[in-house]
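Keep the viewer open while you read.

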Amino acid sequence: TIDMFLCLSRESDDSRYREPFEVGPLVDTAIEQQRHLLANKDIAVDVQRLANPDLLGHPQAFAIAVGNLVRNAFEHTPHGQGPVSVRIEHHEVSISNHSGLEVDDPGELGKRRSPGSDTQGFGLGLDIVERLCEHNGWTFALNVNRGTIHACLSWYPGQQGFGP
């Protein structure tokens, strides 16, 4: 993580960060690392693998970005309001959850929390995701519709790595 922040602060374009990696295992690891946040929440995680993409880039940056999105989804889904849906496609990973609030603006999520929520907002996590995506040529989008949060990290076909 420290290396990632140093890389971002220098805005380096070092070719050593252009290595091939598989997306699926990094998503799986992020889910398992954050699963403790679902303890006693009665929330299922629905993972849909529509593709098995690989990328040419910085696997640690990708893991940090996906980890932040998974952590936000797990933290901000109230008890019994699941599932959290994770979808892996050819050119994107998307994560959807319900906030328990009837809002349509991502800015409102940080201001209003659902009853019984232990969290106070999204903190620096989404800023980190945006910066990592910007630095690595990925795209990040966050949409909220009637309290359903849909986060999407996508990449261009030219960033594909070593697989089909």
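Ten residues, or rather 10 as the count is given, line the largest cavity, and Leu69, Asn72, Leu142, Ile149 and Ala151 sit nearest its centre. A cavity here is a set of points on a 1 Å grid over the protein atoms alone where a 1.4 Å probe fits but cannot get out, and lining residues have an atom within 4 Å of a point. The model is predicted: local features need pLDDT of at least 70, side-chain atom pairs count only at pLDDT 80 or more, and totals for chains, interfaces and linings use all residues. Numbering runs from 1 along each chain as its sequence is written, and side-chain values use heavy atoms, with hydrogens and water left out.

How many cavities of 30 Å³ or more does a search of the whole structure find? It finds 1. The volume of the largest cavity is about 80 Å³, where volume means the space filled by probe spheres set on the grid points, which are joined across faces, edges and corners. Helix 3 (59-75), strand 5 (92-98) and strand 7 (148-154) are the elements that give two or more residues to its lining. Helix 3 gives the most, with 3 residues. Elements are DSSP runs numbered from the N terminus: helices are H or I with at least four residues, strands are E with at least two. By class, the lining of the largest cavity has 8 nonpolar, 2 polar and no charged residues.

Now the packing. The largest nonpolar core has 33 residues, and Val23, Val27, Phe62, Leu69, Trp138, Leu153 and Trp155 have the most contacts inside it. Such a core is a set of buried Ala, Val, Leu, Ile, Met, Phe, Trp, Tyr and Cys residues joined through side-chain atoms within 4.5 Å. Helix 3 provides the largest share of this core, 9 residues. Elements giving two or more residues to the core include helix 2 (23-34), strand 4 (84-88) and helix 5 (125-136).

Val23 touches Pro53, Asp54, Leu55, Phe62, Ile88, Val93 and Trp155, not counting residues up to four places away in sequence; contact means heavy atoms within 4.5 Å. Val70, found in helix 3, is in contact with Ala30, Ile31, Gln34 and Ile95 once neighbours within four places in sequence are left aside. Val70 counts as buried at 1% relative accessibility, with buried meaning under 20% relative accessible area, exposed over 50% and partly exposed in between (1.4 Å probe, protein chains only). From Val70 to Val86 is 8.5 Å, C-alpha to C-alpha, across 16 residues in sequence.

On to the rings. The structure holds 3 aromatic pairs. Rings of Phe, Tyr and Trp (its six-membered ring) pair if their centres lie within 6.5 Å; planes under 30 degrees apart count as stacked, over 60 as edge-to-face and the rest as tilted. Two of the pairs are tabulated here.

| Pair | Centre to centre | Angle of planes | Class |
|---|---|---|---|
| Phe21 and Phe62 | 5.5 Å | 50° | tilted |
| Phe62 and Trp138 | 5.4 Å | 90° | edge-to-face |

Phe21 lies in strand 1 (residues 19-22) and Phe62 in helix 3, so their pair ties together parts 41 residues apart in sequence. The other pair links Phe62 with Trp138, which is in the loop between helix 5 and strand 6 (139-145), 76 residues apart. Phe21, Phe62, Trp138 and Trp155 form one aromatic cluster.

Last, the backbone. Most residues other than glycine have a negative phi, and most peptide bonds are trans. Gly82 and Pro83 are joined by a cis peptide bond with omega about 5°, and Pro83 lies in the loop between helix 3 and strand 4. Asn40 has a positive phi near 65°, sits in the loop between helix 2 and strand 2 (45-49) and is exposed, with a relative accessible area of 76%. Arg146 has a positive phi too, about 55°; Arg146 is in the loop between strand 6 and strand 7 and counts as exposed at 55% relative accessibility.

Notes. On a 1 Å grid over the protein atoms alone, a cavity is a set of points where a 1.4 Å probe fits but cannot get out, and a pocket is an open set with protein on both sides within 12 Å along at least five of seven lines; lining residues have an atom within 4 Å of a point. Ala, Val, Leu, Ile, Met, Phe, Trp, Tyr, Cys and Pro count as nonpolar, Asp, Glu, Lys and Arg as charged, and the others, Gly among them, as polar.
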